[in-house]
Amino acid sequence: MGGYLKRLVASGAAYQAAGLLASLLALVTLPLYTRHLTTADYGYAETLLTFVILGSILLRAGVGEALVRFWFDDEDHDRRIALARATTGFVVLGSTAVLGLGLLASGPLSQLLLGTRDRELMAAGLLGLWAFTNLEIAYALLRVEERRRAYLTASLTNVLLTVGLTVTLVVGLDAGAVGYVLGNYAASTVVLLGVWWSLRDRVRLLPAGVRARLAAPLAFGLPTVPAEATVFLLNVVDRAYLLRVESPAAAGVYAVAVKLATAVIVAVRAFQSAWPPLVYSVSDDDEARRLYAFITTLYVLVTGATVAALALLSRQVVDLLAGPDFVTAHEALPWLALGWALYGLNLVLVTIAGRAKVTTRNFPAALAGVAVNVLAMVMLVPPLGIAGAGIALAVAYLVMIAVLHLLTRRLFVVPFEWRRLALAVAILSAVAVSGELLLPTEGAAGWLSRVAWLAWIPVLLLATRFLSAGERARLRALLPR
């Protein structure tokens, strides 16, 4: 397991080093943005960004996920290159067509999605849709070949260009929501062209050989699209609901809470990037089963501890990093962190179905999650505001995990470590809830007491013998004498 864990950490670090930097820079620049953008402008911009990602899922038609899955089924170099060329050509053609049509109808499209007619803002979002969609496929090619250095260079360049351009447009030129969206994706276009050049022997801008090369990948990938789109719809529905039912300002404050859940989001995205190539590369089924069980326990422990920390320190984090108009973001922050952690756990079950090459069962679970999310928001947002939207998101992911487990447990049986999972959840929940109820919330006393309270987590894990004898021995070997 040590070798697999090392690969997972190395790949995750490479694939999310830029994400980590982006998240840190986002936290640093958040005070600037929240003082130069109104809560409404921030709400419009962040809602549009979520629609960009949702549109990208539909445009890719599952071929990116299929590329990752089918790349390891055939070791012939020429057939792999043909698959890469067909995939990139297919996505380029579709995304370019949507860009052109969308620009022609940018006004009505803006009214439909955002409830306001803003052609410039919509045009910036459409450029983002084109760049993001094609860059995701380019990144997938780098991931399957495990070209970590190239991936790291491209993604870091994207982050630095994006931050520099966005600060210039929003803070320097006072370009508002349009500048915020354009800054996020103009740099991505430049990076995309550079990655295409570095992969020029694997990239085709016209979809030659699509029917021959993508028949099986599309048959695998297309059934995943409704499920993936429905899962991501959870990130769109809450903001769109707040935007239309509450106010654009509420959507903006909620978006800041999402931004402040950075620690969990970065961990989940690293896991999302590194986990599928790793687990699909394990050919022995028994070994894969053990890997699933071990990584699931480790994931719950690491992300759960991060959620507990954010739950205890939510007020302090918001006061430190957000403008005064966004101070109520702390109400939703713990629930959003929990929701994102549960989303990452959902990925484990999705890859179980993917290993069995049965992807049609993902959609019912996703549909159940969205239905529960909408119902919970209608019930919880009126009395609880943005906190109700965060709770609804966490409940929806929990329902989705339960349904997906029921639908996939016979496809590929995994001996999950249920005792250790339950123990980890109990300890982390107890520390977070007791700290919130017992400790002060303001000033230095709030900071210091809540940070110190987190030390109960390792103490309780050791006291309850959460770690096996072998794990305790390895841990002692790492400690200084």
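Predicted model: local features only at pLDDT ≥ 70, side-chain atom pairs only at ≥ 80, totals over all residues.
Modeller: A salt bridge here is a side-chain nitrogen of Lys or Arg within 4 Å of a carboxyl oxygen of Asp or Glu. Residues are numbered from 1 along each chain as its sequence is written, and side-chain values use heavy atoms, with hydrogens and water left out.

Colleague: How many salt bridges does a search of the whole structure find?

Modeller: It finds 6. One of them joins Lys259 to Glu46, with the closest N and O atoms 3.1 Å apart. Helices are DSSP runs (H or I, at least four residues), as are strands (E, at least two), numbered from the N terminus. Lys259 sits in helix H11 (residues 248–260) and Glu46 in helix H2 (residues 39–60), so this pair links distant parts of the chain, 213 residues apart. Glu46 counts as buried because its relative accessibility is 6%; Lys259, at 22%, is partly exposed.

Colleague: Which helices hold Arg315 and Glu436?

Modeller: Those two side chains, Arg315 and Glu436, form a salt bridge at 2.9 Å, N to O. Arg315 belongs to helix H13 (residues 285–321) and Glu436 to helix H17 (residues 418–438), so the bridge ties together parts that are 121 residues apart in sequence. Arg315 has 21% relative accessibility and counts as partly exposed, and Glu436 is partly exposed too, at 28%.

Colleague: Now, what lines the largest pocket?

Modeller: On a 1 Å grid over the protein atoms alone, a pocket is an open set of points with protein on both sides within 12 Å along at least five of seven lines, and lining residues have an atom within 4 Å of a point. Grid points are joined across faces, edges and corners, and volume is the space filled by probe spheres set on the points. The largest pocket holds about 1100 Å³. It has 36 lining residues, and the closest to its centre are Val307, Leu338, Leu342, Val425 and Ser429.

Colleague: Which helix gives the most to that lining?

Modeller: H13 does, with 10 residues.

Terms used: Buried < 20%, exposed > 50% of the residue type's maximum accessible area, 1.4 Å probe, protein only. 1 Å grid on protein atoms, 1.4 Å probe; cavity = no way out; pocket = protein on both sides within 12 Å on 5 of 7 lines; lining within 4 Å.
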